[in-house]
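Please keep the sequence and the 3D view open while reading.

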Amino acid sequence: MNRVEQFVEKIEKMGVEAAIIYNVEYSSKPSTYYLSGFTGSFSVLVISREKQFIITDSRYLEQVKQQTSFEVVEYKGNDIFESVRAVVDDLKPKTIGLEFQRVSHNVFLKLNEKIKANFVSIDSVIDTMRTVKSQEEIDNIKKAITVSEKAYLKTLECIKEDMTEMELAAEFEYNMKKFGAQGIAFETIVISGPRTSMPHGRPSNKKIKRNEPITFDFGAVVNGYCADITRTIVFGKADDEFKRIYQTVYEAQTLALEKGSAKMSGKMLDSVARNHIESKGYGRYFGHGLGHGLGIEVHESPRVNQSNQELLPQNAVVTIEPGIYIEGKYGVRIEEDVVVSESSLERLTSLSRELVEVKT
Ligand SMILES: [Mn+2]
């Protein structure tokens, strides 16, 4: 069964006869790509067991034929809701599935006004399908990781004192594209010195200084799939407290990597790392969850945190990223990408996790 057939089977079980995936200015690019292969900024998918349509406009008519086998309907720019109605009318569904988490209130009201049907949420269907990766999807994530890792190693070679964080981030993104990234999964984080205590700090004009830590959080996109990796290094020599913090994060991650499997819930796995960090007295400095699902989007299901009580599904890809952040001093995060399997976690990342002190 192909992906669309699986999708239709799942929505039919909910009593849903057709689905509308509404994508304007990339509002539903991930699901659109997942179900149809189309990557443009504007499209509406209408999916039923018998027929699969994609409505898009002249900007994408050539591209859409290359990317999807869905039947193409050209939108000429009058009233998109009228075009959707015309396509849906042929199928006469009584119940239509919509992505409630992606569709704006305005779009919902318009569809509801034009189309006489009952609209229900299919968010969990798509999320659940996307959580479990096929071998092809895992291979694509692996490719994105390889590109990211090469770019990271190349970027380490070119760090010089007094370069700004932004310059280093630009160098990093340039390297990712040179090594084959289609794009970047998110704005590359390069922060240094005391700024490393901000888990999601933005690169600034701050200059890189000797004996300061630098955190890199980065990910390339290849074939629509993301990598998400973090390393904290020291440009020069690490002080003793930094080494202690790094060691604690490293051990917390090692425990999670060794103990994790599909037999654990997100909460249980999070606790493995969190308990270790707490035991070393740094519990209050680890504010975020241990990790998250990774795929077409850089943050997706399943969550590896205290609120996810469900077992981690086999073949989910997740990050394992413990951190300790001390305001006014510095922070450390190490992030790995892994595949969940029956009795273990398989690392997809291959960079060393040891503390690196770059020669100045
Ligand atoms: Mn992450």
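Two strands count as paired if DSSP finds at least two bridges between them. The model discussed here is predicted. By that criterion strand 3 (residues 52-56) and strand 4 (residues 71-74) pair, as 4 bridges join them.

**Strand pair**
- Strand 3 and strand 4 run parallel.
- Isoleucine 54 has valine 72 of strand 4 opposite.
- Between the two strands the chain passes through helix 3 (residues 61-67), and this β-α-β crossover is right-handed.

**Manganese site**
- Asp228 (OD), His292 (NE2), Glu321 (OE) and Glu335 (OE) coordinate the manganese ion at 2.1 to 2.3 Å.
- The sequence spacing of these donor residues is D-x63-H-x28-E-x13-E.
- Aspartate 228 lies in the loop between strand 11 (225-226) and strand 12 (229-235), whereas histidine 292 belongs to strand 13 (residues 291-293); the pair is 64 residues apart and links distant parts of the chain.
- Aspartate 228 is buried, because its relative accessible area of 3% falls under the 20% cut-off.
- Histidine 292 is also buried, with a relative accessible area of 6%.

**Helix 8**
- Helix 8 (residues 165-178) has 14 residues and spans 20 Å from its first C-alpha to its last, close to the 20 Å expected at 1.5 Å a residue.
- Its buried residues are Glu165, Leu168, Ala169, Phe172, Asn175 and Met176.
- These residues cover an arc of only 125° around the axis, so they sit on the same side of helix 8.
- The cover over the buried residues of helix 8 includes helix 7 (135-157) and strand 9 (212-218).
- Exposed Lys177 and Lys178 are on the face of helix 8 turned away from its buried side.

Definitions and conventions:
Residues numbered from 1 in each chain as written. Predicted model: local features only at pLDDT ≥ 70, side-chain atom pairs only at ≥ 80, totals over all residues. Heavy atoms only, no water. Donors = N, O, S within 2.8 Å, 3.2 Å for Na, K, Ca; no water. Buried < 20%, exposed > 50% of the residue type's maximum accessible area, 1.4 Å probe, protein only. Right-handed = clockwise from strand over helix to strand, strands pointing away. Expected span 1.5 Å × (residues − 1). Arc of directions from axis to C-beta. Contact = heavy atoms within 4.5 Å.
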